[in-house]
Amino acid sequence: MFGKKVIILEKHFVVGGLNSFFARKGRKFDVGLHAVTNFPSPNSGKASPLLRACRQLRIPFDSLKLYPQSTSRISFGSRDIRFNNDFDFFISEIEKNFPKEKDNFQALLQKMDAFDAYSVNVPDLSTRGILSNIFSDPLLGEMLLCPTCYYGSAQENDIDFATFVMLFDAIFKQGLARPNLGIRALLDPLVEKIEELGVKRLMNSGVQKINSVHGVATEIILESEEIFTADQIISTCGVVETEELFNSSKLNSTQSEEGKFSVIETISVFAGEPSNFGWNETIVFYNDSEKFRYEQPKGSIDLSSGVICLPENYQDPENEGIKEARLRITNPANFSKWTSFNHEEYKREKEQCASQMRDKAFSYLPNGGVQKNDFLSATLMTDTFTPRTIKKYTHHANGALYGSPQKSRTGTTPLKNLFLAGTDQGYIGIVGAMLGGIAVANNRILRPV
Ligand SMILES: Cc1cc2nc3c(=O)[nH]c(=O)nc-3n(C[C@H](O)[C@H](O)[C@H](O)COP(=O)(O)OP(=O)(O)OC[C@H]3O[C@@H](n4cnc5c(N)ncnc54)[C@H](O)[C@@H]3O)c2cc1C
C-alpha cells in the first residue's frame, strides 16, 4: 500500500498457517478457527482491535459477515460460569457463582484497566500468581485461566499477565464470532488485496537459510536453492524457527526457548442440528478438577481438560435448518509421543483418542451420556489432527500451538533488517497476528524507530 516492492514466500501450498483450511470427502474444514475473538461490542468504538485491523488492511468489516456466539461456558466439574458477548452478563455470572469474590473481581478489572498490555516494554508477570493474590477462592482464578490459556498461552500452566489482559478483553469484554464462510472469509480478502497491490506470492517456497554479513541479512535461500535479496525481511514462521534459518550461517548462536504445548483435535460431522441433541452452546472450556491443568501430557493425550466447539451454534441465520453440523473437541497432546508412532500405531492411536475425547466431551454436554449412541449413529465422518499434523503443515517446533514462551514485542532480531511478526511477537490469535504484522510493517519498515 505504501510503495514498497514486496514478495511473500510461503512453504505450504495453501495460505493461512495455523488458521488454514482443508477439504475431506467433499467437505470443507477450518484447521484452527473456533472463534474470531475481539468481536466489537456496540461501545468498543474505533478502539476495537478487529475494527482497527480491518481499517488498516482496507477490508470492510461488514464483508466478513461475522455472527456472534450464542452462549459459552467454563465448566470445572460441578461449577459453571457462562458467558456471551455481553460483558455485563459475564459479570453477573461471576457474582452469582462467586458472591464473595464480587469486590475482588472488580479489583482485577481495575488492575487490568491500569495495565498497558500492548506496551513493547511490558513486564513478564505470572497471571496465576496475580489471580491467587486477588481471589480468596482460588477456583475463580483457575476458571479464568482456562479459556485464556487455551486461546493463547505459550507457557505451561500459566499465562503472562499481558497476554491474559489482551485475551480477557478479546474473549469476555469484546466477544467471540465466526464468519459465515469460516476462515476463508478472512483469508480470501487478504489474498485479493495482495494480488490487487501487485505483491508477488510464491507458494511451495520454503526458506531454507538467511545469509548475513556484519549483522545484516543479505540473502534468502529457498529450499529450491533459488536466491532472493531484500532490504528488509519480516518472518512469521516463529522465533526458534527463524533463528534456525540465520544461525545456519554460523554468525549467530541465539536459541530461544521452544514451545511445548500442542493439541489434538477431533472433528465429527453429524447429521442434523446441534439443537437436535439439546446442544445450544457455542464453546465449552472444561477441566475435571479445581486446579486447571495446561501442560504437555506424559502420554499422548490429556483428557482432564479440553475445549468443545459447536461452530454451527454461532447465530448465523444460515445455520437454521441445516442438514449437518460439526462437533470439534480439542485436548492437550504430546508431540514426541505422536511423532514416535509408526503409520499403523498412529492411525490406531488417533481412533482410540478420538473416541475417548468424544466420551469425555459428552460428559460436559447436556444429556451427553444419554445421547451418545444417537450421536454416533448420526455421525457422517470424523477427522482428527494431532501435533504431528500441526508440525507437518506449519513447521512449528514441537507442533507448538502458540510458539515460544519467549516473545519479542519489538519484533527485532540480532539481524538489523530481519523482524519477527505474528505469534512470537506476543500478539495472539488471528486478530493478534494481523495487528502484530501491521505494527511491524509500520514501525520497522515504513517508519523505522
Ligand atoms: C487447532 C487450532 C485452533 C485455533 N483456534 C483459533 C481461534 O479459534 N481463534 C484465533 O484467533 N486463533 C486460533 N488459533 C491460533 C491462530 O491460528 C494463530 O495464533 C495464528 O495463526 C498465528 O499466526 P502466525 O502468522 O503467527 O503464524 P502461523 O499461522 O503459524 O503461520 C506461519 C506460516 O509460516 C509458514 N512457514 C513456516 N516455515 C517456513 C519457511 N521456512 N519458509 C516459508 N514459510 C514458512 C507456514 O507454512 C505458515 O503458513 C488456533 C490454532 C490452532 C492450531
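In which sense do strand β9 and strand β10 pair, and over how many bridges? In this predicted model, strand β9, covering residues 207–213, and strand β10, covering residues 216–222, pair in the antiparallel sense, and the pairing runs over 6 bridges.

**The hairpin of β9 and β10**
- Within the pairing of these strands, Val207 stands opposite Leu222, a residue of β10.
- The hairpin has 2 residues between its strands, and in this hairpin His214 takes a positive phi near 50 degrees.

**Helix α1 and its partner**
- Helix α1 spans residues 49–57, and its buried residues are Pro49, Leu50, Ala53 and Cys54.
- When the helix is viewed down its axis, these buried residues of α1 fall within an arc of 140 degrees, so they line one face of the helix.
- The partner against which the buried residues of α1 pack is helix α13, made up of residues 429–446.
- Just after α1 comes Arg58, a residue that takes a positive phi of about 60 degrees.

**The shell around the ligand**
- There are 30 residues around the ligand, and of these Gly17, Gly32, His34, Gly422 and Gly429 come nearest.
- Two or more residues of this shell are given by each of the elements β13 (262–271), α12 (387–394) and α13.
- The largest share of the shell comes from α13, which gives 3 residues; the buried residues of α1 pack against this helix as well.
- Divided by class, the residues of the shell around the ligand are 12 nonpolar, 14 polar and 4 charged.

- The protein is divided into domain 1, which covers residues 71–174, and domain 2, which covers residues 260–393.
- The C-alpha centres of domain 1 and domain 2 lie 24 Å apart, and 18 residues of domain 1 are in contact with 20 residues of domain 2.
- On the side of domain 1 that touches domain 2, the elements that give two or more residues are strand β5 (72–76) and helix α5 (138–150).
- Helix α5 supplies the largest share of that side of domain 1, with 7 residues.
- The side of domain 1 that touches domain 2 has, by class, 9 nonpolar, 6 polar and 3 charged residues.

Conventions:
Residues numbered from 1 in each chain as written. Predicted model: local features only at pLDDT ≥ 70, side-chain atom pairs only at ≥ 80, totals over all residues. Pairing = 2+ DSSP bridges. Helix = DSSP H or I, 4+ residues; strand = E, 2+ residues; numbered from the N terminus. Buried ≥ 20, exposed ≤ 12 C-beta atoms within 10 Å, placed from the backbone. Arc of directions from axis to C-beta. Contact = placed C-beta atoms within 7 Å. Near = placed C-beta within 6 Å. Nonpolar A, V, L, I, M, F, W, Y, C, P; charged D, E, K, R; others polar. Domains from an automatic or database assignment.
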